[in-house]
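Trainee: Could you walk me through this one? I have only just opened it.
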Amino acid sequence: MKSIFTYFALLIVQASFAQDLDALKSEYPKEDVLTLSLTRHLEISESRGNFKITEKLTKKDVYLTSDRLSHANESIRYNSFESIEDINAYTTSVVNGKNTTRFVKDFEDKDVLIRGVFYDDQKKKSFSFPNVTQGSTTFLSYERKLKDPHFLPSFIIGKSIPIKSVELSVSFPNTVKVAYSTFNLDSVDVDFKTSKTEKNTTYKWTLKSIPKVNRNYDFNPIYYLPQIFVRIESVIQKGKEKAILSSPKDLYSWYNSLIKNINQTDQTELKTLTQNLIEGLNSDEEKVKAIYYFIQNEINYIAFEDGLNGFIPRDAKNIYANKYGDCKDMANILNEMLNYAGIRSHLTWIGTRDRPFTYGELPTPMVDNHMITAVALNDDYLFLDATAKYLGFGYPSPFIQGKEALIGISDTEYKIIKVPEVAPEWNVTVIESHLELKDKTLLGHHNAEFTGFEKLRMLHRLERKDDEDMGFLQSVLKFGKKRTKTFDIAYRDLKLENDTLSIEFQSETHDYIKSIDHLIYLKPHLDFNLKSEIVKAEKKKFDKKIDHKFQKKFLTTIKIPDDLKVQSLPKDVAFKNPDFNFRVSYAMSEDNEHILVNKLITVNTLKVEVNKMDDWNTFIKALNKANKHSIILENTKQ
Amino acid sequence: MKYFLKTLLILLVSYSASAQLYKKHDWKESQEFYELTETEKQLPSIAIKEKYLIQYYQPAIAISAAFRLFETKHSIIRVNTDKGIKTHNRVYIPMYNVKKVIDIKARVTQRDGKVKVLNKRNIKELENVENYGNFKIFAIEGVTKDSQLEFIYTLEKYIRSIGSVVVQKDYEVKEAEVILRKPRVLSYRVKEYNGFPKMVTKTVEGNKEALTTTATNIDAMTDEMSASPTANRMKMFYQVAAGGFGSTSEMWDGLETNLIDNYIKIKPKKYNSLIKDYTAFVKEKPAETQAQIINNICEYVTSNFNIIRKRDEQLSEMKYIVRTKQASESGIIKVYSCLFNHEDIDYEFVLTSDRFKHKFDRLFYSSSNLQISLFYFIEEKKYIEPDNVNTRLNFAPPEAIGNDAIFVNKGGRRFRIIESPKASNNTIERDYTISIDIDEVITKVACEQKNTGYRAKNARGAYKYLKNRDFDNFKQFTGANGIEDAEFETFEVNDEALSLGTDNIPVRMNYSYTTESLIEEINEDIMLNFGKVIGTQNELYQEAKRVNPVELNSLIRYTYKIEIIIPDGYEAKGLDAIKISKVVDIDGQPACQFISDYTLDNNILTIKVIESYDSLEMPLQYYEGYKDVVNSAYDFSKLSILLKQKV
């Protein structure tokens, strides 16, 4: 009976699509494929504290052209907390004048490799819709089943094709309290309804005309896509309300339950090691530094995402023996050793800058994706992230700046504290150059020094450097011309414990100057930082992400050859803005034998908002223009 | 493309038994900590030894299908730096063709003699990873700087008759030993490439004879521009067969028969619904020439069939393909053959290698020879690429040109080199007009651009993909690459149809933009960096000692005409640098050149440039000349003239 009903339903659907195809093509003239409808319904049931959660999804795509047949290759992602069941997928199309329906028969389970993650429990069911061509419609339905009430599926609405209409809903027994948080819904047409029966409540959102995911976001798309997160706040059991995820307190309580049994093996070796490391050190800060650098040096970061194990750090002793770990492992061994040293430190959960939410907005595991160690030192907290190899002591990792950290103080106590943004003065590159002209060749002696995140970035690049990469310095410093040869390179203070890294090198650039008549045109700026950072076209509609605040200083001294004199120096130039600015000055030395060129670039923000984008572009253009200025020298012998 | 390999069969009979070689091979109980030279200590890592044991084995009590194949890999690697740790501390063992994992073990030895052995429970499995299949993976435990890691794994594989070992890696290898052993009943044949030492018969562990060799001090392969470092790696290929070998020619015979029977003799009458559907699709399309018909077929297939890149037998079965409009890369070949046969088109099916990975070797049959499939049309002297979703009758793809290949039709086979289009057929031609607004300190650039050959094919493909998705990006990389502040005023694309590539009709792109970045004010004068308009250029200034000979992607010619309108009241200075002439001749023939010159006529400065690469391969001794030509193009892009205010 069911199949007959399906058959008639299909006929009706096909007839209406044939009529609508032309209308859809004119409504979406630039699209090859369109999702006509998407429905996702969450059904939550509960019995004696055990949950059954089922998400039912149906989706209908129509192919407006035949230029993107690869879209017919689909997959359904899932992980070890979920199972995918009752998949039904088919295509309806017109072949040789006849309506045909072809069902997908093969669904393949595949493990998913995620860039940068060594092992992940992500899987997908992979399949291809048959018989797809222009005018075809594909239908997909399946059920996603899970039991753990902490991991409700998220409604994040956005794909590589537009969606005409979306219906999202959740039904739950009245003994269960369900809350929801919405983000970016103001950008779409949304209707929300609640309905309640004696036993159940349903929340339903209807969204119309969802555009495809824009390719021009600089931040993670999650900052922009319409999203609804549903969470189970509590359940009534035996007349009492049992909290699940009603607040950050509940989230912490659950996180804490996952870590309470870690490090149960004999940790004597680690304790002895810790005592050896801190022997003779008097201050807490010295002790923390010694242990922090030890972990950075000894333990290699390897990312694992393995089900619930993705939330539970491995045993500290084993991490030390294996010499590798993921973020929570590194946080754990660091925390454990600090504790052995008598330092007050705590495991700390945090979302990187890829997660835009606060714990108050979204007290669910969606809010964070990283673990670090917070150390109570000098009435303040230091946020130590041992996964960021080469990160200087006292600095948070760049990708957690400005984010809320959930610090686990005790079984019941936690704190949420915002990680500070590191000021540009702490992340500085200084390049001091002494330049000299020999005929048409520019000779240079340079000393570059790096602190903070600038040092971190440089050490990461140095680690990956190939011996054959002769243009390494030019590329990483954005300094010199392609024709510039660098040599006698000396890297100093590479050890993590040093605050400043320095690189001394010589350079030689043939045919550097331009001689016209008796004048010589010399460009004194060898660096080209930020040159390509103009934000253009569609990208201007979205905030620009900046990794860290920084300063770059270039202190250049140019020796004037005996047979030349300065005919003109460029005018001093500056661009003033509190978030991004630069200034360049030119002067003669007191003995008139050298030209002194100073340049200071400051970027004092972690993002450029859309309303400041024109200012940013003006800043970059002005900087690029300033970098091209020439000193004119006159040949005194002519 | 391994499905073409149904030609070598092992005769499954049994004779005398021999021991499994891998059982005799193990790591030393007490691991030696190898000392490195000062030079070696500077490397991120170095392999002390890498050993490859390949054994075709026959048990004592033989039954049908009794041959077994075991492969063992044993590596001892010293790790010196964090980069070295990251390169080696994660191991992925592909499970493709693996019947059984016999053993996997690993350990790390420290300088002080401490040893950490891998906990086998930490070995994880990845199943059916997209395009890669299954893996066993593990992180090596206990690796630190200045430590020595070692791993051995032995896999029993499904029996196969051909294989290869590549011993040159991205890191230096002090010693690589390869042992290939088989029972007497089997024969083998090997071929060494790129300096791999000759394999000789020796007595090996277990006191048995085997074919073996040891290569020492193998340099790390360098990734170089305009080269084929992968194809140039030191390696050996082997074949194993029972009952004596047929000649190489007989092996190609087998392939030829397979191709004719399974991929060429596809009878259209058996697939009426396909023919009917195709006929309806092309009904309104021009079909006066064979080229038009071939392109109609291409258009029909690419807009009606979804190519699914996975191993699945049914995706290469015509009935299934016709019913579902889904095909694998081999299945889609049959669809094309069927339609060509229906239209009575004369064609040859072509198989060759990707020349950047392995040079086709007609003298040694291997799977690496058979990675690219094409159709060749003798009358048109053009190809189609059946697994390319934009394919039309055109030149062979760049990775196949200049390479030997096997061409098969119903009548048999021939070997021939796939010809490369001449540079004159693969061009970018740009006519620029640059005018300067002195008051606004802005430059206006107008350009008429024509692309032919591969450059037309790429532009058409990119335009088709990006026109509705990211046209700004298309405009930027086509017309103003490297000019960050370019603001386009106009941008037109004409003759963008994919089928126009057949007659090499240029795709035309006319555009104009304004930019401030070409100009620098120097007091009352202006420095104009006109060279920048030709876009970001490759350069080879900061190169380590060249290892690989030059091998280009394609022959190509760029011609530029740049007209600069000198503003009233100004004169152009510093023109001498525009005159550049770098030419490399090999055996009296031009191999590559960069020539630029100018004329000044009243207020119009006209600069003409020709840059061309006319030889696909250049021996190492010509590298410096080639580098000069490439760098000249870069230097040109940096050229400026001074527009000096007349006094």
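Trainee: OK, so what kind of model is it, and what are its overall scores?
Mentor: This is a predicted model, and the scores that go with it are ipTM 0.89 and pTM 0.91.

Trainee: And what does the pLDDT look like for chain A?
Mentor: The average pLDDT of chain A is 93, with 97% of the residues scoring at least 70. Residues 1–15 of chain A are a stretch where the pLDDT is below 50, and that stretch has four contacts in the model beyond near neighbours in sequence.

Trainee: What about chain B?
Mentor: Chain B has a mean pLDDT of 92, and 96% of its residues reach 70 or more. Here the pLDDT is below 50 over residues 5–17, a stretch that has 36 contacts in the model beyond near neighbours in sequence. Where pLDDT is low, the predicted coordinates should not be read in detail.

Trainee: Staying with chain B, how many helices and strands does it have?
Mentor: There are eleven helices and 35 strands in chain B, and its C-alpha atoms fill a box of roughly 100 × 75 × 50 Å along the principal axes. Of the 647 residues in chain B, 41% are buried. Among the contacts in chain B with a separation of 6 or more, 73% are between residues 24 or more positions apart.

Trainee: Which strands make up the open sheet of three in chain B?
Mentor: That open sheet of chain B has its strands in the order 3-7-6, and the pairing is antiparallel.

Trainee: Why do strands 3 and 6 of chain B each have one side without a neighbour in the sheet?
Mentor: Strand 3 (90–94) and strand 6 (124–129) of chain B stand at the edges and have a single partner strand each, so one side of each is left without a neighbour in the sheet. From one strand to the next, the twist averages 25 degrees.

Trainee: How do strands 6 and 7 of chain B pair?
Mentor: Strand 6 of chain B pairs with strand 7, residues 133–139, in the antiparallel sense over four bridges. Within that pairing, Glu125(B) has Lys136(B) of strand 7 standing opposite.

Trainee: Switching topic, how many residues does each chain put into the contact?
Mentor: Chain B gives 52 residues and chain A gives 55 residues. On the chain B side, the elements that each supply at least two residues include helix 3 (82–88), helix 5 (272–282) and helix 6 (290–304). Strand 6 of chain B supplies the largest share of that side, five residues.

Trainee: And what classes of residue are on that side of chain B?
Mentor: The side of chain B that touches chain A has 21 charged, 17 polar and 14 nonpolar residues.

Trainee: Now chain A, what is the order of its open sheet of three strands?
Mentor: In chain A the order is 3-8-6, with antiparallel pairing. Strand 3 (73–78) and strand 6 (108–111) of chain A are the edge strands, each pairing on one side only. Strand 3 of chain A pairs with strand 8, residues 123–128, over six bridges, and Tyr78(A) has Lys123(A) as its bridge partner in strand 8.

Trainee: Last one, which residues are buried in helix 7 of chain A?
Mentor: Helix 7 of chain A covers residues 452–464, and its buried residues include Phe453(A), Leu456(A) and Met458(A). Among the elements that cover the buried residues of this helix are strand 25 (428–438) and helix 8 (472–477) of chain A.

Notes: Residues numbered from 1 in each chain as written. Chains lettered and ligands numbered in written order. Predicted model: local features only at pLDDT ≥ 70, side-chain atom pairs only at ≥ 80, totals over all residues. Pairing = 2+ DSSP bridges. Axes fitted to C-alpha atoms, helices over the stretch in contact; angles between N-to-C directions. Contact = placed C-beta atoms within 7 Å. Nonpolar A, V, L, I, M, F, W, Y, C, P; charged D, E, K, R; others polar. Buried ≥ 20, exposed ≤ 12 C-beta atoms within 10 Å, placed from the backbone. pLDDT = per-residue confidence, 0-100. Expected span 1.5 Å × (residues − 1).
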